Amino acid sequence: MFEIDEEEDDGTSVDDSALSTPIPDVNVRASGRTTRSSLAKSEVVPVEEPTPASEHQQKAHRAAEMITDYAWVERIKARDFQDGGWQAVMVGLLYQVSLNNRQKEKCEQVLAKLAPIDMEATQETARQQYIHLDVNLRIVALEIVCMLAVQTKTMRDYLMQSSEDMTEHRNARTDWQRKKKAFVEELRELDDQRKILLPENTPASPEPDVAEAADVSMNIVEDTEDAGGATDDAEDDVLSGRSLRRGTDRALDRKRKRDQDSVRKEKERKEKAEATKASKQSAQFKKLLKDIEKKKDAIKECEDKISELNIDLRETDCHRTRALGRDRFFNRYYWFERNGMPFAGVPSGSNMDNEYANGRIWVQGPDDLERKGFIDLSDAAMSEYIERHRMTPQKRKEVEEGPTRLYDAGQWGYYDNPDTLDMLIGWLDDRGKREKDLRKELQNWRETIVELMHKMTAQLAEKEEKK
């Protein structure tokens with residue numbers, strides 16, 4: 001802090017050596033009081049103006065020149081994305097974001113490649129340069145764009161509308177589940193009634209015909225009597241004669257017919273009474289069976305509605321990314337088609353003709369916190385682990401995962417082949433909770449995942465053929 005001499009100039013000369021060090025010009029209030037503001041001003045040190053840098057040091061790219069004649073916002077409004085149009089939009093967007101000091105370094109890394117200082121500032125240059133752009137720089141640009149998109153009003157409105165739609169779908173699903181529960185209870189009561197009426201409405205086993213049994217018995221009597229008559233006739237043939245024997249046979253025939261008619265009428269009377277009783281019971285039983293079928297149809301309709309609402313909830317749930325599960329090394333598995341979109345992608349999206357959205361199972365490496373407790377163990381836990389598995393967790397990870405290993409959450413891998421997916425399902429051990437849940441999810445979704453994998457493979461093969 002400089003001391004201010006408030007005495008008047010007495011005209012004395014000042015040594016030139018005292019002026020060798022310049023003293024900053026500080027404005028002091030006319031009054032003799034020293035205030036905080038005056039002290040603060042007295043401490044201000046003049047900032048030296050930066051030395052103008054050369055043009056090569058100031059300009060690392062020509063992004064500003066590329067968007068001078070055709071602004072990137074106007075290009076988006078005109079939907080001019082062909083022949084390097086969207087690459088030029090990317091250049092303009094990154095250039096505007098680079099004005100923010102926090103994003104400047106990352107943006108200029110990409111812009112130095114898309115709009116290099118030694119090439120013409122045209123959209124054709126942007127198109128050609130993007131073809132050879134390093135994949136890591138592409139990811140940097142994609143991350144910037146995604147983060148900007150999340151902060152837009154359109155995205156916020158979409159998330160809010162999705163939240164309202166999910167609430168509506170949940171309420172509707174609850175109503176249908178309540179209806180289904182009531183129908184199931186009614187079906188149980190009807191089934192109990194059916195079990196009660198079932199014995200009376202079960203067809204009885206066929207009984208032997210009474211008339212036929214009577215005929216048999218009568219034939220036996222007739223044969224016996226004929227045999228007895230034949231003996232008597234043999235003994236008294238001369239006395240009785242044939243005419244008397246024929247008269248006896250005719251009498252027996254008439255008696256047998258009368259007995260048969262009586263039995264037949266009794267049988268018809270009983271059958272008629274039973275048929276009348278059975279017809280009343282069958283009408284009630286048939287009505288009961290129809291009511292049971294109606295309840296089953298109602299339950300089926302409820303199940304279809306619930307399944308449809310579950311699909312709507314899955315396609316609307318875009319607020320968070322849900323993982324399929326984790327394996328023994330705490331790698332996380334994601335199937336992004338399951339969140340916030342139909343399986344084949346958004347109908348109005350750019351890939352709607354491909355009939356698939358991603359076609360891959362993505363795997364993220366373990367988080368640092370999980371590594372410390374499950375892979376990077378303490379000495380005591382490591383000794384116990386080695387005794388149990390005959391190797392360290394790192395060695396086991398290397399042996400079981402093979403050459404493609406994920407060390408932390410910043411590394412990703414993927415499965416895009418049905419055969420390797422089946423190998424993964426077979427590798428998971430269902431004795432542990434984590435891998436049991438993951439294996440169940442993969443098995444439940446396997447058919448759809450494999451279908452999308454085939455579509456992705458076919459589409460990529462078609463592109464290779466065109467090249």
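The model is predicted, with local features needing pLDDT of at least 70 and side-chain atom pairs counting only at pLDDT 80 or more, while totals for chains, interfaces and linings use all residues. Residues are numbered from 1 along each chain as its sequence is written, and side-chain values use heavy atoms, with hydrogens and water left out.

Overall, the protein has 17 helices and four strands; here helices (H or I, at least four residues) and strands (E, at least two) are DSSP runs, numbered from the N terminus. Of its 467 residues, 23% count as buried, where buried means under 20% relative accessible area, exposed over 50%, and partly exposed in between (1.4 Å probe, protein chains only). As for contacts (heavy atoms within 4.5 Å), residues 24 or more positions apart account for 69% of those with a separation of 6 or more.

Now to the cores. In soluble globular proteins, nonpolar side chains tend to be buried together. A nonpolar core is taken here as a set of buried Ala, Val, Leu, Ile, Met, Phe, Trp, Tyr and Cys residues joined through side-chain atoms within 4.5 Å. The largest one holds 21 residues, and Met 66, Val 91, Leu 94, Val 110, Leu 114 and Ile 144 have the most contacts inside it. At least two of its residues come from each of helix 3 (63–66), helix 5 (85–97), helix 6 (101–114) and helix 8 (135–150). Helix 5 gives the most to this core, six residues. Leaving aside residues up to four places away in sequence, Met 66 touches Val 91, Leu 114, Ala 115, Ala 121, Thr 122 and Ala 126. Another core, of 18 residues, lies apart from that one and has Trp 335, Leu 406, Met 453 and Met 456 among its members.

Helix 5 is largely enclosed by the rest of the structure, because 10 of its 13 residues are buried. These are Gly 85, Gln 87, Ala 88, Val 89, Met 90, Val 91, Gly 92, Leu 93, Leu 94 and Val 97. Their cover includes helix 3, helix 4 (72–77), helix 6, helix 7 and helix 8.

On to the cysteines. Cys 302 is buried, with a relative accessible area of 1%, whereas Cys 146 counts as partly exposed at 39%.

Two threonines sit in other helices. Thr 316 is in helix 12 (residues 242–316) and counts as buried because its relative accessibility is 13%. The Thr 316 side chain reaches the backbone oxygen of Asp 312 at 2.5 Å. Not counting residues up to four places away in sequence, Thr 316 touches Ser 162, Asp 165, Met 166 and His 169. Thr 448 belongs to helix 17 (residues 433–466). With the same exclusion of residues up to four places away, Thr 448 touches Trp 335 and Phe 343. Thr 448 and Gly 359 are 89 residues apart in sequence, but 9.7 Å apart in space, C-alpha to C-alpha.

Finally, a look at the backbone. Most residues other than glycine have a negative phi. Phe 330, not a glycine, has a positive phi of about 65°. Phe 330 is found in the loop between strand 1 (325–326) and strand 2 (332–334), and is buried, with a relative accessible area of 4%. Glu 355, also not a glycine, has a positive phi of about 65°. Glu 355 is in the loop between strand 2 and strand 3 (361–364), and counts as partly exposed at 44% relative accessibility.

Note on methods:
A polar contact is a pair of N or O atoms within 3.5 Å; within protein, one must be able to donate a hydrogen and the other to accept it, and residues adjacent in sequence count only if both atoms are side-chain atoms.
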